[in-house]
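Please examine the structure shown below.

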Amino acid sequence: MISEAIKINLEKWGFDSYFKDLADKNQESGLIPARVIGHNRHFYDIVCEKGFFSAKTSGSIRYNSVLKSDLPAVGDWVMVSIRRDKSYICSILPRKSRISRRCSGNIVNEQILSANVDIVFIVMSLDANFNLKRLQRYISVVSSSGIKHVILLTKSDVCENTDELFEEVRKIAGDKEVFAVSSFDQNTEKLLKTFVKPGITAVFIGSSGVGKSTLINTISGSNIRVTGEISTAVNKGRHTTSARELILLDSGGMVIDTPGMREIQNWQEEDSKGFEIIEELSHKCRFFDCRHDTEPDCAVKEAVGNGIISAELLEMWRKQLAESEELKRKKAFSLKILETKKSKRNKSRDVS
Ligand SMILES: Nc1nc2c(ncn2[C@@H]2O[C@H](COP(=O)(O)OP(=O)(O)OP(=O)(O)O)[C@@H](O)[C@H]2O)c(=O)[nH]1
Ligand SMILES: [Mg+2]
Ligand SMILES: [Zn+2]
């Protein structure tokens, strides 16, 4: 248990009137509100007015969980029982927002990347990591969450064709803001601070090595996060950040650092989320359910012919549509299997 004698002001950690009301409604004797700020295999790191603690989930949370998303995630507000020897998370307050991804496999599951986030920074670097298809996936997943998002193209200091790559991103970004930055530039700190204000929680997501932790160092004005160079020196492997962690900045506001993800798949069955340009054009197609394939009078295919949108974008949209249909089929089946697993797990617990 890591504890602090001083009383913590939870408002700084994002405990606003929305969560205060929820905490009051979910009040049970002896339970107090806390925010999940970290997670490792066995414990959740939490902050509450009494200080910082490591907590486990209560039996009832585990008993009732079907999906991974039924368990606490970094950013969650939870009701906890703080005891001298052990602390327990007894319930999760309803989430204001969440970014989820689909865990792949035949049995699909929802994994929450971060909860109760106000802004998402999708980070991609302007070096060998630059990949429009991957960026489009991130945009689709985050668009489904409904959370405001901004695209940060890092390492502009070592890129020779920043303007060209920036334009390519602009074409798929729709109405989202895009910035080409160097993490080592003082203007980047100013830029990030226009978004991350007191009470605001921001999360940085993107592949490994794109500079998420470096940006967090930039906004915090100190080296609070370990970044790529240091880790390779001690041979820790490719992923420098290994767990999601929520950090309170001295300047106010919170940032969540996340480990780089190799792939991200949508948990929501969304056909056109993140493809606003295609969605807009499709209103002009002859058929309302046009798949922009072999149908006549298709405004989307016409736009590809005129160079308004790229053929790759349409291909990415088709892929998302196919995945979304596959997900619809798999979800109901997976939920049944997971419910059965839950009943079996709980029965064996009841017997023992
Ligand atoms: N030249 C340049 N290098 C950068 C920039 N941002 C980050 N780097 C370097 O890129 C490497 C990776 O940065 P990290 O911040 O550790 O990357 P990350 O996205 O947190 O990676 P994971 O934790 O593995 O997901 C480090 O060596 C940084 O110094 C930048 O804007 N310009
Ligand atoms: Mg990192
Ligand atoms: Zn069409």
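A residue is called buried if 20 or more other C-beta atoms lie within 10 Å of its own, exposed if 12 or fewer do, and partly exposed in between, with C-beta atoms placed from the backbone. Phe121 is buried, because 24 other C-beta atoms lie within 10 Å. The structure is a predicted model, in which local features need pLDDT of at least 70, side-chain atom pairs count only at pLDDT 80 or more, and totals for chains, interfaces and linings use all residues. Residues are numbered from 1 along each chain as its sequence is written, while chains are lettered from A and ligands numbered from 1 in the order in which they are written.

**Overall form**

- The protein chain contains ten helices and 13 strands; helices (H or I, at least four residues) and strands (E, at least two) are DSSP runs, numbered from the N terminus.
- The radius of gyration, taken over C-alpha atoms, is compared with a globule rule of 2.2 Å times the number of residues to the power 0.38.
- For 352 residues a compact globule would have a value near 20 Å, and the 22 Å of the protein chain agrees with this.
- The C-alpha trace spans about 70 × 50 × 45 Å along its principal axes.
- Of the 352 residues, 36% count as buried.
- Two residues are in contact if their C-beta atoms, placed from the backbone, lie within 7 Å.
- Among the contacts with a separation of 6 or more, 66% join residues 24 or more positions apart.

**Domains**

- The chain is divided into domain 1 (10-92), domain 2 (98-257) and domain 3 (276-345); such bounds come from an automatic or database domain assignment.
- Between the C-alpha centres of domain 1 and domain 2 the distance is 26 Å.
- Contacts link 16 residues of domain 1 with 19 residues of domain 2.
- On the side of domain 1 that touches domain 2, strand E1 (residues 32-39) gives the most, with three residues.
- That side of domain 1 has six nonpolar, six polar and four charged residues.
- In this classification Ala, Val, Leu, Ile, Met, Phe, Trp, Tyr, Cys and Pro count as nonpolar, Asp, Glu, Lys and Arg as charged, and the others, Gly among them, as polar.

**Helices H5 and H6**

- Two packed helices are described by the angle between their axes and the distance between the axes.
- The axes of helix H5 (residues 186-195) and helix H6 (residues 212-220) come within 8 Å and cross at roughly 85°.
- H5 is therefore roughly perpendicular to H6.
- Axes are lines fitted to C-alpha atoms, for helices over the stretch in contact, and angles run from 0 to 180 degrees between N-to-C directions.
- Angles under 35 degrees count as roughly parallel, over 145 as roughly antiparallel, 65 to 115 as roughly perpendicular and the rest as oblique.
- H5 contributes Thr188, Glu189, Leu192 and Lys193 to the contact, and H6 contributes Leu215, Thr218 and Ile219.
- By class, three nonpolar, two polar and two charged residues make up this contact of H5 with H6.
- H6 is largely enclosed by the rest of the structure, because seven of its nine residues are buried.
- These buried residues are Lys212, Ser213, Thr214, Leu215, Ile216, Thr218 and Ile219.
- Their cover includes E8, strand E9 (148-154), H5, strand E11 (201-205), strand E12 (245-248) and strand E13 (254-257).
- Gly221, which follows H6, has a positive phi near 75°.

- Phe121 lies in strand E8.
- Not counting residues up to four places away in sequence, Phe121 touches Val150, Leu152, Ala202 and Phe204.
- Asn129 is in the loop between strand E8 (119-125) and helix H3 (132-145).
- Asn129 has 18 other C-beta atoms within 10 Å and is therefore partly exposed.
- Leaving aside neighbours within four places in sequence, Asn129 is in contact with Met124, Ser207, Gly209 and Val210.
- Although Asn129 and Ser208 are 79 residues apart along the chain, their C-alpha atoms are separated by 9.1 Å.

- Most residues other than glycine have a negative phi, and most peptide bonds are trans.
- Lys155 is not a glycine, yet has a positive phi of about 65°.
- Lys155 lies in the loop between E9 and helix H4 (162-173), and counts as buried because 22 C-beta neighbours lie inside 10 Å.
- Asp297, also not a glycine, has a positive phi of about 50°.
- Asp297 is in the loop between helix H8 (276-282) and helix H9 (299-305), and counts as exposed with 11 C-beta neighbours inside 10 Å.
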